[in-house]
Amino acid sequence: MALALKTAEGPLTNGFEDVFLLPDSVPELAFTEIDLSTEFLGKKLQYPLLINALTGGTEEALRINRDLGTLAARNGLAMAVGSMTIAFEDRAALESFTVVRHVNPHGIVLANCGADIKPRLACEAIEMIGADGLQLHFNITQELAMPEGDRDFRGILDNIMNIIALSPVPVIAKEVGFGMTAETVQRLYGAGIRIFDNGGSGGTNFIAIEDKRGGKFEHQLDEWGISTAISLAEIISLGLPVKVVASGGMRSSLDMAKALAMGADLVGIAGYFLNILLQNSAEQLEKSIESLLYQLRSVFLMSGARDCQAIRTKPVVLCGRTAEWLRSRRIDPGLWSHR
Ligand SMILES: Cc1cc2nc3c(=O)[nH]c(=O)nc-3n(C[C@H](O)[C@H](O)[C@H](O)COP(=O)(O)O)c2cc1C
């Protein structure tokens, strides 16, 4: 965690500099009418925002998760805990995860495990925190960058099918900063996944983080991955009946609105929130989230969108490298602008 805080985001961007929402000068809406609430996993959220997986297992993680969970409960946000593997090895670590449910008894809480977790343990993780959903993270890139990391990634699709068969709650496939492509999503869809957290580039960069502590990539692969905007466009263009969390380098209300307009159901933010919490305080983080949400409401009004459904009907123009990328992938960037 200390290394993550010390490592600069990027160098790739999240891609939303290529995405534009159109201003509506006659929106005929009042600020108080803007409704940012949404439904996810059968529960209502006040805002389409997920505090994404960060931590668990230590005393410090307990404090962080308590602060983040309290904030999620007070502001009507969803929250995911960090990887729960440690809770199976060290029962003393359990409270750093369960605290998230204690402080937020009715909200949306997500369990988090590696995609190679044994199905029985995945169910235990869900039960531990009364999770509404299970995030399965894919961190192949990080494992390869780590000198002591995994090197064998076979059997994951079968494992996911087994987890889905046993899991009492929906399973979410989650990238951690390198972006999911249309092909990846199609294969995971085939295995039964219906919710994707696309985790594109532009924010936390696990290659750069690992290389700070002697990783195997020696800063030669810092530009690996695809942007969150490109990944989102690839997924939405498939037209599958899936839910999508747009994440990776998300930190402004404008980027949030653009992602929601392109078809994301929620936006996930991890590193940006952690930085504010650890370098300032929980009070400062709450103020920053309030500002973010005020600004998000403003962008909705300025685009003439009353709610999360309406913003999806507004034209979104994709240009620059993102449009070029999509055209070369035979995806029409006009999908979002001609509506
Ligand atoms: C310190 C730190 C720890 C993280 N731990 C986890 C984890 O345990 N499980 C997981 O799925 N993702 C983990 N992530 C990844 C985030 O959930 C997120 O996918 C990634 O950081 C990209 O989002 P961001 O750019 O908003 O940080 C972690 C991120 C950070 C910064």
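This is a predicted model: local features need pLDDT of at least 70, side-chain atom pairs count only at pLDDT 80 or more; totals for chains, interfaces and linings use all residues.
Figure 1. Helix 12 itself spans residues 271-279, and its buried residues are Gly-271, Phe-273, Leu-274, Ile-276 and Leu-277.

Figure 2

**Figure 3. Strand 7 and its two partners, strand 6 and strand 8.** Strand 7 comprises residues 133-138 and runs parallel to strand 8 (residues 171-175), to which 5 bridges join it. Within this pairing, Leu-136 has Ala-173 of strand 8 as its bridge partner. Strand 6 (residues 109-114) likewise pairs with strand 7 in the parallel sense, over 5 bridges. Here Asn-112 has Gln-135 of strand 7 as its bridge partner. Both faces of strand 7 are covered. Because 6 of the 6 residues of strand 7 are buried, the strand is largely enclosed by the rest of the structure.

Figure 4. In sequence, Asn-139 and Asp-150 are 11 residues apart; in space, their C-alpha atoms are 9.8 Å apart.

**Figure 5. Packing of helix 5 against helix 7.** Helix 5 (residues 119-128) and helix 7 (residues 156-166) pack with their axes 9 Å apart and at an angle of about 45°. The two helices are therefore oblique to each other. The crossing of helix 5 past helix 7 is right-handed. On the helix 5 side, the contact is made by Pro-119, Arg-120, Ala-122 and Cys-123, which meet Asn-159, Asn-162, Ile-163 and Leu-166 in helix 7. By class, the residues of this contact divide into 5 nonpolar, 2 polar and 1 charged.

**Figure 6. Gly-203 and its contacts.** Gly-203 is found in the loop between strand 9 (195-197) and helix 9 (206-212). With a relative accessible area of 2%, Gly-203 is buried. When neighbours within four places in sequence are left aside, Gly-203 is in contact with Glu-9, Gly-10, Gly-248, Gly-249 and Arg-251. Phe-178 stands 25 residues from Gly-203 in sequence, with a C-alpha to C-alpha separation of 9.7 Å in space.

**Figure 7. Helix 10 and the glycine just after it.** Helix 10 covers residues 228-237, of which 8 of the 10 are buried, so the helix is largely enclosed by the rest of the structure. The buried residues are Thr-228, Ala-229, Ile-230, Ser-231, Leu-232, Ala-233, Glu-234 and Ile-235. Just after helix 10, Gly-239 adopts a positive phi of about 70°.

Conventions: Residues are numbered from 1 along each chain as its sequence is written. Side-chain values use heavy atoms; hydrogens and water are left out. Axes are lines fitted to C-alpha atoms, for helices over the stretch in contact, and angles run from 0 to 180 degrees between N-to-C directions. Helices (H or I, at least four residues) and strands (E, at least two) are DSSP runs, numbered from the N terminus. Angles under 35 degrees count as roughly parallel, over 145 as roughly antiparallel, 65 to 115 as roughly perpendicular and the rest as oblique. A crossing is left-handed if the near helix is turned anticlockwise from the far one by less than a right angle, and right-handed if clockwise. Contact means heavy atoms within 4.5 Å. Ala, Val, Leu, Ile, Met, Phe, Trp, Tyr, Cys and Pro count as nonpolar, Asp, Glu, Lys and Arg as charged, and the others, Gly among them, as polar. Two strands pair if DSSP finds at least two bridges between them. Buried means under 20% relative accessible area, exposed over 50%, partly exposed in between (1.4 Å probe, protein chains only).
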